[in-house]
Amino acid sequence: MDISFDNVSYTYQPNTPLEHQALREVSFTIQSGSFVCIAGHTGSGKSTLVQLINGLLRPTEGKVKVGDFSLTSNKNHSVRDLRKNVGIVFQYPEHQLFEETVKEDILFGPRNFGVTVSDEQLHQVIEHVGLEPSILEKSPFEISGGQKRRVAIASVLVLEPKVLILDEPTAGLDPTGEQQIMKLFQRLHREKDMTIMMITHDMEHALNYANHMLVFEQGRLMLEGNPTNLFSNGDYLETIGLGLPEAIKLINEVKRLTGLNISYDRHSIEDIAVQLSNWAKAGGGQ
Amino acid sequence: MIQFSQVSYQYPNQSDWVLKNIDLTINQGEWVSLIGHNGSGKSTLAKLINGLLRPSEGEVMVGGVELTDENLWDIRRNVGMVFQNPENQFVGTTVIDDVVFGLENMGLSRKDMQYRVDESLELVGLSRYKYREPFNLSGGQKQRLAIASVLAMLPNIMVLDEATTMLDSKGGEELVNTMNRLHKEQQLTMISITHDMKEVLMADRVIVLKEGSVWFDGKPVELLQKDLRIEEVGLLPPFVVKLTNALKKRGITFKEEPLNIEELVKQLWIYRSTT
Ligand SMILES: Nc1ncnc2c1ncn2[C@@H]1O[C@H](COP(=O)(O)OP(=O)(O)OP(=O)(O)O)[C@@H](O)[C@H]1O
Ligand SMILES: Nc1ncnc2c1ncn2[C@@H]1O[C@H](COP(=O)(O)OP(=O)(O)OP(=O)(O)O)[C@@H](O)[C@H]1O
Ligand SMILES: [Mg+2]
Ligand SMILES: [Mg+2]
């Protein structure tokens with residue numbers, strides 16, 4: 001499903017003293033099957049944006065299109081079919097856990113949409129997010145923060161949505177868990193052609209997994225493009241303080257101190273090690 | 001000073017021991033990173049420090065006294081805790097109310113109170129949001145508010161349970177630096193639960209939990225340099241360590257282990273000059 005925003009603005013609590021415009025005239029198009037990272041400072045409108053994609057919020061102005069679905073301010077048509085195709089993992093997992101047991105929570109979505117899930121599928125999704133089957137009978141309120149995050153991810157993945165929206169899905173995961181879950185998203189993207197839109201503050205994710213990046217600043221789309229290209233001309237990203245991935249910092253530092261150009265397209269650790277060791281072994285420094 | 005002697009903990013009606021025989025002393029003015037895999041017991045340990053939970057076995061002492069029902073409130077005033085989910089600590093209907101709430105009953109003058117509220121909101125960058133509703137803030141703004149409410153109380157001990165996970169790189173760094181400054185200026189004890197290895201490297205000491213027991217307790221550098229199997233506890237080596245290892249495999253030798261990108265490039269430069 002292609003996703004497009006056409007001049008979309010969104011205002012919270014309009015015509016009250018607390019009125020706040022969170023998005024301003026945002027336009028972009030994402031092709032079906034993309035892996036997109038969304039970045040921007042605290043409060044720049046990222047969570048607002050993704051909630052417009054599955055109809056949790058309706059645009060104040062402009063039009064959002066997701067596949068054949070159109071969302072505008074005044075249309076009141078059902079978003080049920082849209083939600084079945086567009087799964088969203090919220091920024092705080094607590095916002096989507098409310099049943100008595102973890103198992104009930106994971107089965108909530110499928111029941112709601114009339115989809116049956118076998119025990120085998122249930123165990124598989126639990127395993128994919130790195131949890132033990134024994135967690136299924138526990139209360140979602142009596143598990144650790146990282147375990148809650150994993151359950152929230154499982155409860156969305158079990159529906160196998162065509163579009164997967166992730167709002168900081170790795171916050172609170174331990175590093176090996178983070179790697180495991182990122183690899184899982186990558187596999188779903190490659191094998192099932194899932195479209196992934198992921199909000200993240202971790203620029204490593206953008207560089208290593210995404211093929212497109214959107215950067216927001218105070219409700220406006222400031223920059224978009226291929227992450228490697230954006231990072232290799234990274235002045236803007238650096239000045240606004242979103243940080244650069246470690247590999248890019250290293251490439252820049254090597255260039256600054258030694259004049260050696262390491263290719264931005266070959267930023268894996270192995271590739272960098274080959275280029276750097278060849279240079280170091282060649283000798284001849286002052 | 002915080003002391004745990006032979007502390008074990010079991011949640012009510014559960015058979016598993018979540019913490020097992022923990023012995024720890026954390027001195028006033030130390031900055032400790034507490035890390036470990038998901039479910040290893042970090043948040044549980046934090047809640048034992050401020051008396052939200054009581055040990056099933058063993059003893060927890062804060063400032064030389066054991067926690068009792070009588071001194072609970074005094075101890076909580078000394079131990080500021082930022083919870084893993086900031087929403088769990090919101091009490092006010094506006095941002096400013098939320099910070100003020102913690103300061104009530106502290107016997108502060110109106111002027112002092114106002115000063116502390118303004119200063120802490122300024123420190124976390126929320127001055128413009130004073131009259132907003134805490135639950136309608138963005139994810140990162142919520143974390144900032146939770147930190148401000150605790151900072152305003154000027155506690156001796158700050159326990160931060162993954163308090164900056166949703167901040168962008170610059171925002172997160174700025175807050176960690178602010179905390180570091182307070183820690184130095186005011187001899188503030190900092191216990192910071194995190195999964196961020198860069199933050200861990202800034203601490204004086206790192207404690208690693210594995211399945212409810214202490215797996216490592218020492219200097220952050222040692223954790224990376226000793227040949228420990230850190231994957232076992234859910235950790236991965238940082239970029240610089242991985243790259244250093246990949247270079248060593250290709251025959252490059254290092255006089256000292258580089259801990260950041262600048263050091264690594266400098267050492268390569270030296271290697272090249274002497275080859
Ligand atoms: N329900 C609401 N009512 C009023 N204002 C809101 C509401 N929800 C969000 N906002 C405001 O809209 C702006 C954008 O919020 P949003 O949650 O989209 O930010 P974000 O980019 O996701 O930030 P973060 O990285 O901190 O999660 C923020 O300034 C926020 O305070
Ligand atoms: N309220 C509770 N009731 C019963 N068990 C709990 C409760 N809270 C946590 N647990 C269990 O206790 C263990 C330790 O949880 P804790 O929250 O201390 O872990 P943590 O190290 O903070 O993990 P994370 O990195 O995921 O936040 C976990 O196995 C968890 O499932
Ligand atoms: Mg958000
Ligand atoms: Mg925790």
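Modeller: A polar contact is a pair of N or O atoms within 3.5 Å; within protein, one atom must be able to donate a hydrogen and the other to accept it, and residues adjacent in sequence count only if both atoms are side-chain atoms. The model is predicted: local features need pLDDT of at least 70, side-chain atom pairs count only at pLDDT 80 or more, and totals for chains, interfaces and linings use all residues. Residues are numbered from 1 along each chain as its sequence is written, chains are lettered from A and ligands numbered from 1 in the order in which they are written, and side-chain values use heavy atoms, with hydrogens and water left out.

Biologist: Where does ligand 2 lie, and which residues come nearest?

Modeller: Ligand 2 lies between chains A and B. Of the 20 residues around it, A:Ser144, A:Gly146, A:Gln147, B:Lys42 and B:Thr44 come nearest; a residue is near a molecule or strand if one of its heavy atoms lies within 4 Å of it.

Biologist: Why is the site of ligand 1 called shared between chains?

Modeller: Residues from chains A and B surround ligand 1, so the site is shared. There are 21 surrounding residues, and the closest are A:Lys46, A:Thr48, B:Arg132, B:Ser138 and B:Gly140. In chain A, an N or O atom in the side chain of A:Gln13 is 2.9 Å from a nitrogen atom of ligand 1. A polar side-chain atom of A:Ser47 lies 2.8 Å from an oxygen atom of ligand 1, while a polar backbone atom of A:Ser44 is 3.2 Å from an oxygen atom of the ligand.

Biologist: Why are α3(A) and α4(A) called roughly perpendicular?

Modeller: The axes of helix α3 (residues 102–112) and helix α4 (residues 119–128) of chain A come within 12 Å and cross at roughly 105°. Axes are lines fitted to C-alpha atoms, for helices over the stretch in contact, and angles run from 0 to 180 degrees between N-to-C directions. Angles under 35 degrees count as roughly parallel, over 145 as roughly antiparallel, 65 to 115 as roughly perpendicular and the rest as oblique. The helices are therefore roughly perpendicular to each other.

Biologist: Which residues make that contact?

Modeller: A:Lys103, A:Ile106 and A:Leu107 of α3(A) meet A:Leu122, A:Val125 and A:Ile126 of α4(A), contact meaning heavy atoms within 4.5 Å.

Biologist: How do you know that β3 and β8 of chain A pair?

Modeller: Two strands pair if DSSP finds at least two bridges between them. Strand β3 (residues 35–40) and strand β8 (residues 195–199) of chain A have four bridges in the parallel sense, so they pair. A:Val36 stands opposite A:Met197 in β8(A).

Biologist: What makes β6 and β10 of chain A edge strands?

Modeller: The six strands form an open sheet in the order β6-β7-β8-β3-β9-β10, with mixed pairing. β6 (86–89) and β10 (220–225) of chain A each pair on one side only. The twist averages 15° from one strand to the next.

Key
Helices (H or I, at least four residues) and strands (E, at least two) are DSSP runs, numbered from the N terminus.
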